[in-house]
Amino acid sequence: MSRLLSRRSALAVGAGGLVAACDTVAQLPAAQTLLGGAERAHRTLQHTIVARDALAVEYRADQRSPVFRSNGTANPNTPDYNAHAAARFADWRVTIDGLVARPLSLRIDQLRTMPSRNQITRHDCVEGWSAIGKWTGPRLSRLLDAAGLRRDARYLVFHCADALNGRPYYESIDLIDAFHPQTILAWALNDRLLDVPHGAPVRLRVERQLGYKHAKYVQRIEAVASLDGIAGGKGGFWEDVAGYDWYAGI
């Protein structure tokens with residue numbers, strides 16, 4: 001049920017009136033309670049029946065899509081981001097802070113020289129399209145081990161350089177997905193450094209979730225105990241503004 005609800009934007013093309021009616025109902029307190037319970041049930045069920053380290057399908061090199069389209073923000077186009085892009089992101093840093101013992105601030109060249117994982121996976125967009133591409137980057141778990149998560153950390157919040165309609169973009173995942181072996185901070189797509197439309201210089205790849213969870217232009221990773229009080233409190237930009245499910249498992 002929750003997966004269908006997270007795809008409301010795709011359904012809107014053919015059933016605009018119905019979706020509008022559903023959205024109206026979804027604003028009612030009782031409906032919000034019901035939908036929230038359904039999402040929690042879906043998340044619990046998936047984590048119960050799928051092993052923590054179960055892998056997303058990986059493909060052969062010859063199965064990659066000829067074109068891997070970009071989606072969402074094509075360019076943050078802020079003075080700060082444009083300055084970084086002009087300098088080829090030489091001074092870009094990814095900070096890991098919050099509930100950690102040893103906060104980190106890593107340059108992009110440091111990320112690129114860390115042991116990396118290569119994985120050819122399928123990106124599934126909530127809008128209904130998919131593409132297969134090869135991603136390269138260090139496992140997120142390696143960085144979290146270096147930072148030393150505190151015992152009270154429960155989620156990671158990814159703060160990004162882009163904004164939509166004046167609202168900073170962010171996303172979040174729990175520690176089950178954070179330590180998954182295919183969750184990486186990718187700096188390359190198909191053996192080339194990420195370009196701007198695909199999230200240069202670094203983006204999250206969390207392969208068992210839908211595409212909107214794969215935050216681009218990552219600048220800060222904050223370990224937190226709760227998502228309450230962060231932006232709209234629902235754990236991500238699209239979750240806050242469009243009612244997408246926080247857990248987008250596939």
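Phe-158 stands opposite Glu-171 in strand 6. The model is predicted, and local features were considered only at pLDDT of at least 70, side-chain atom pairs only at pLDDT 80 or more, whereas totals for chains, interfaces and linings use all residues. Residues are numbered from 1 along each chain as its sequence is written, and side-chain values use heavy atoms, with hydrogens and water left out.

Strand 5 (residues 155-164) and strand 6 pair in the antiparallel sense over seven bridges. Strands here are DSSP runs of E with at least two residues, and helices are runs of H or I with at least four, each numbered from the N terminus. Pairing requires at least two DSSP bridges between two strands. Five strands form an open sheet of mixed pairing, in the order 2-1-11-5-6. Its edges are strand 2 (104-107) and strand 6 (167-174), each pairing on one side only. The twist averages 20° from one strand to the next. Angles run from 0 to 180 degrees between N-to-C directions, with axes fitted to C-alpha atoms, for helices over the stretch in contact.

Helix 7 packs on the sheet. The helix touches strand 1 (93-98), strand 2, strand 5, strand 6 and strand 11 (218-224), contact meaning heavy atoms within 4.5 Å. Its direction makes about 135° with that of strand 2. The buried residues of helix 7 (residues 140-147) are Leu-140, Ser-141, Leu-143, Leu-144 and Ala-147. They lie on the same side of helix 7 because they cover an arc of only 160° around the axis, taken from the directions from the axis to the C-beta atoms. Buried denotes under 20% relative accessible area, exposed over 50%, and partly exposed in between (1.4 Å probe, protein chains only). Just after helix 7, Gly-148 takes a positive phi of about 75°.

Strand 3 (residues 117-124) has six of its eight residues buried. Strand 3 pairs with strand 4 (residues 130-137) in the antiparallel sense over eight bridges. Ile-120 stands opposite Lys-134 in strand 4. Five residues separate the strands of this hairpin, where Gly-128 takes a positive phi near 110°.

Eleven aromatic pairs were found in the whole structure. Rings of Phe, Tyr and Trp (its six-membered ring) pair if their centres lie within 6.5 Å; planes under 30 degrees apart count as stacked, over 60 as edge-to-face and the rest as tilted. Phe-68 and Trp-135 form an edge-to-face pair, 5.4 Å centre to centre with 90° between the planes. Phe-68 lies in the loop between helix 4 (29-49) and helix 5 (79-86), 67 residues apart from Trp-135 in strand 4. Both are buried.
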